[in-house]
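Dear colleague,

Please find below the structure that I am handing over to you. My notes on it follow directly after.

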Amino acid sequence: MRLILLGPPGAGKGTQAARLVEKYKIVQLSTGDMLRAAVAAGSEIGQKVKGVLERGELVSDELIVSIIADRVDQDDCKNGFILDGFPRTLAQADALAELLEKKNLNLDSVVQLEVDEKILLARIEQRARESEEVRSDDNAEALKKRLSVYNEQTAPLISYYKDKGSLKAVDGMKSVEDVAAQIDAVLEPYNHA
Ligand code: AMP
């Protein structure tokens, strides 16, 4: 199974992805995690993107597409993957379609977590308070930036995938278990395992 989890920061994509990894035995490809790992390792890429992440801006399409293109070729992706945090722009979505076509792979579904932005803010503030290792972009200023970047650059992907017929929207404001049940229901037709 290959799918995209779409939704603004704090919508619960990471939480749901972790569960789907277990259920379908597929890998979670979180571009945010990959970039944070690069920053922590102090690699060349990490040094380049550190400030961008801290400000809540997006790294270049070119960079992120090349990271994903390499990643999906790895052995552990054979059974499928969940894209979490990618694509985030229309250019990334086009690049993804092109690269999947080249590799003869199809995308089963795009699951959109629909949420209320005001409640999101509260959730992220709570995450910042509870987490021991606070993300450097979980502060009010960077969060506001991340939400506006989402609305400007990523939200257009909703109609993009709706037009392609692959979008499945679920109510992301329900409990973790309830959201999980909704996702399972929309993925049921693709569960050939
Ligand atoms: P996330 O963990 O998905 O919220 O991502 C954290 C940060 O990593 C974002 O605010 C961006 O700076 C960067 N990032 C992650 N994924 C992408 C992407 N697909 N395109 C551009 N920047 C990204």
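In which loop does glycine 7 lie? Glycine 7 is located in the loop between S1 and H1. Please bear in mind throughout that this is a predicted model.

With a relative accessible area of 8%, glycine 7 is buried, since the cut-off for that class is under 20%. If residues up to four places away in sequence are not counted, glycine 7 touches Lys13, Leu113 and Tyr150. As for isoleucine 68, which stands 61 residues from glycine 7 along the chain, the two C-alpha atoms are separated by 19 Å.

Nonpolar cores

The largest nonpolar core has 31 residues, and those that touch the most other members are Val59, Phe81, Leu83 and Tyr161. Two or more residues of this core come from each of strand S1 (2–6), strand S2 (27–30), helix H3 (44–55), helix H4 (61–71), strand S3 (81–84), helix H5 (90–102) and helix H8 (156–164). For valine 59, the contacts are Leu35, Val49, Val52, Leu53 and Ile64, residues up to four places away in sequence not being counted. Another core lies apart from the largest one; it has 16 residues, including Ala17, Ile26, Leu113 and Ile183.

Helix packing

Two packed helices are described by the angle between their axes and the distance between the axes.

On the H1 side the contact is made by Thr15, Gln16, Arg19, Leu20, Lys23 and Tyr24, and on the H9 side by Val176, Val179, Ala180, Ile183, Asp184 and Leu187. By class, the residues of this contact are 7 nonpolar, 2 polar and 3 charged.

Next come helix H2 (residues 31–41) and H4, whose axes are 11 Å apart and form an angle of about 100°. H2 and H4 are therefore roughly perpendicular to each other, as the range for that description is 65 to 115 degrees. In H2, the residues Thr31, Met34 and Leu35 meet Ile64, Ile67, Ile68 and Arg71 in H4. The contact of H2 with H4 divides into 5 nonpolar, 1 polar and 1 charged residues. Leu35 and Ile64, which take part in this contact, are also touched by valine 59.

In the remaining pair, helix H7 (residues 140–154) and H8 pack with their axes 5 Å apart, at an angle of about 35°. H7 contributes Tyr150, Asn151, Glu152, Gln153 and Thr154 to the contact, while H8 contributes Pro156, Leu157 and Ile158. The classes here are 4 nonpolar, 3 polar and 1 charged. Tyr150 of H7 is also one of the residues that glycine 7 touches.

A residue of helix H3

Is isoleucine 45 buried, partly exposed or exposed? Isoleucine 45, which is found in helix H3, has a relative accessibility of 32% and therefore counts as partly exposed. Its contacts, leaving aside neighbours within four places in sequence, are Ala38 and Leu63. Isoleucine 45 and leucine 63 are 18 residues apart in sequence, and the distance between them is 8.9 Å, C-alpha to C-alpha.

Backbone geometry

Which two residues does a cis peptide bond join? The bond in question is between phenylalanine 86 and proline 87, with omega about -5°. Proline 87 belongs to the loop between S3 and H5.

Lysine 25 is not a glycine, although its phi is positive, at about 55°. This residue is placed in the loop between H1 and S2. Lysine 25 counts as exposed because its relative accessibility is 57%, the cut-off being over 50%.

Asparagine 104 likewise has a positive phi in a residue other than glycine, here near 60°. The loop between H5 and strand S4 (109–114) holds asparagine 104, which is exposed, with a relative accessible area of 73%.

With kind regards

Conventions:
Residues are numbered from 1 along each chain as its sequence is written. This is a predicted model: local features need pLDDT of at least 70, side-chain atom pairs count only at pLDDT 80 or more; totals for chains, interfaces and linings use all residues. Side-chain values use heavy atoms; hydrogens and water are left out. Contact means heavy atoms within 4.5 Å. Helices (H or I, at least four residues) and strands (E, at least two) are DSSP runs, numbered from the N terminus. Ala, Val, Leu, Ile, Met, Phe, Trp, Tyr, Cys and Pro count as nonpolar, Asp, Glu, Lys and Arg as charged, and the others, Gly among them, as polar. A nonpolar core is a set of buried Ala, Val, Leu, Ile, Met, Phe, Trp, Tyr and Cys residues joined through side-chain atoms within 4.5 Å. Buried means under 20% relative accessible area, exposed over 50%, partly exposed in between (1.4 Å probe, protein chains only). Axes are lines fitted to C-alpha atoms, for helices over the stretch in contact, and angles run from 0 to 180 degrees between N-to-C directions. Angles under 35 degrees count as roughly parallel, over 145 as roughly antiparallel, 65 to 115 as roughly perpendicular and the rest as oblique.
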